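Q: Please walk me through a fold, one feature at a time.

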Amino acid sequence: MLLRVERLTKRFGELTANHQVDLSVERGQIHAIIGPNGAGKTTFFNLISGFYPPTSGRILFKGTNITGWPPERIAKKGIARTFQTTHLFEEATVLDNVIIGNRLRTRSGFWDVILRTKRERREERESLDRGREVLDFVGLSHLAGEPVSEITQEQKKRVAFALALATQPELVLLDEPAAGVNPDETDGLAVLIKKMADTGRTVCLIEHKTSMIMSLADRITVLNQGERIVEGTPEEIQGNPAVIEAYLGGDPTGDGRPQTV
Ligand SMILES: Nc1ncnc2c1ncn2[C@@H]1O[C@H](COP(=O)(O)OP(=O)(O)OP(=O)(O)O)[C@@H](O)[C@H]1O
């Protein structure tokens, strides 16, 4: 088992965002986390990637207890996460985003990056090759020199993937990779996610686009109000009464969230 999460709990004051959540992700699989708005999905990713310390519970990665480790140590151990495309530097080129963004997330030396010390310049040269490699992987080599402000939302999503892949992770956490893109672009991103898994990465993703999840995921975990309510294959999840109840009991206004599961 690549990732094993045991009874993970996160409280923000009175609010319990995650309550005793268990999850196991097998190497090479695509594991989706779904659930209504506010179910605790993003919090769960923030705990695994070290952005928040859990209130209780354990996170084991490759058999090592990484609970409470800081984000850059977890990144070095082999877990990467994508950020919202709003975290990209709009005026910088696609390639510079991959290089600089990667360094900001894997090192604590913010000022090294900003002041471009000698050591930083040497390491930046080393990461240039890797940046080019991951841009090729996500299909953006032809846009390497383009400012991010000039590319489409779908291409920005690919830059976010490239950023995560640049740290050479074994496990990639994707938070709503297909939010805000059209159906054709969603299909293209699904192909890319499949390619990540086929080339040896393990993928854990949060996504509201149900049809994408059903065709892509090997396993699905459903969270509701901070708790894991069901886990299984897409076939097992589809039509599960507890899952339907969770969605119907949530936001009934239909804001693009799944209507059928
Ligand atoms: N830093 C924080 N401080 C206080 N409360 C928080 C914090 N982060 C999340 N929460 C709360 O925890 C709960 C779970 O939020 P979270 O963002 O994890 O849900 P989600 O399933 O990702 O929702 P969505 O699908 O809407 O993105 C919410 O009630 C949210 O307001």
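**Reading the fold**

A: The chain has 10 helices and 10 strands. Helices (H or I, at least four residues) and strands (E, at least two) are DSSP runs, numbered from the N terminus. This is a predicted model, where local features need pLDDT of at least 70, side-chain atom pairs count only at pLDDT 80 or more, and totals for chains, interfaces and linings use all residues. Residues are numbered from 1 along each chain as its sequence is written.

Q: What radius of gyration does the chain have, and what would a compact globule have?

A: The radius of gyration is taken over C-alpha atoms, and the globule rule is 2.2 Å times the number of residues to the power 0.38. For 261 residues, that rule puts a compact globule near 18 Å; the chain has 18 Å, so the two agree. The C-alpha trace spans about 55 × 40 × 35 Å along its principal axes.

Q: How many of the residues are buried?

A: A residue is buried if 20 or more other C-beta atoms lie within 10 Å of its own, exposed if 12 or fewer, and partly exposed in between; C-beta atoms are placed from the backbone. Here, buried residues make up 39% of the 261.

Q: Which domains is the chain divided into?

A: Domain bounds come from an automatic or database domain assignment. Domain 1 is 1–78 + 170–261, and domain 2 is 84–168. Two residues are in contact if their C-beta atoms, placed from the backbone, lie within 7 Å. By that test, 10 residues of domain 1 are in contact with 11 residues of domain 2. On the domain 1 side, the elements giving two or more residues are α2 (71–77) and α7.

Q: Which residues of α7 are buried, and which exposed residues are on the face turned away?

A: Thr-186, Leu-189, Ala-190, Ile-193 and Met-196 are buried. Cover for the buried residues includes β3 (30–34), α6 (153–165), β7 (171–175), β8 (202–206) and α8 (210–216). Just after α7, Gly-200 takes a positive phi of about 105°.

Q: Which residues have the most contacts inside the largest nonpolar core?

A: A nonpolar core is a set of buried Ala, Val, Leu, Ile, Met, Phe, Trp, Tyr and Cys residues joined through C-beta atoms within 7 Å. The largest has 63 residues, and Val-98, Ala-162 and Leu-173 have the most contacts inside it. Helix α6 gives the most to this core, with 7 residues. Domain 1 and domain 2 each supply at least three residues.

Q: Is Arg-81 buried or exposed?

A: Arg-81 has 25 C-beta neighbours inside 10 Å, so it counts as buried. Arg-81 is in strand β6 (residues 79–81). Not counting residues up to four places away in sequence, Arg-81 touches Phe-45, Ser-49, Ala-164, Leu-173 and Asp-175.

Q: Is Glu-91 buried or exposed?

A: Glu-91 has 10 C-beta neighbours inside 10 Å, so it counts as exposed. Glu-91 is found in the loop between β6 and α3 (94–106). Beyond neighbours within four places in sequence, Glu-91 is in contact with Pro-147 and Ser-149.
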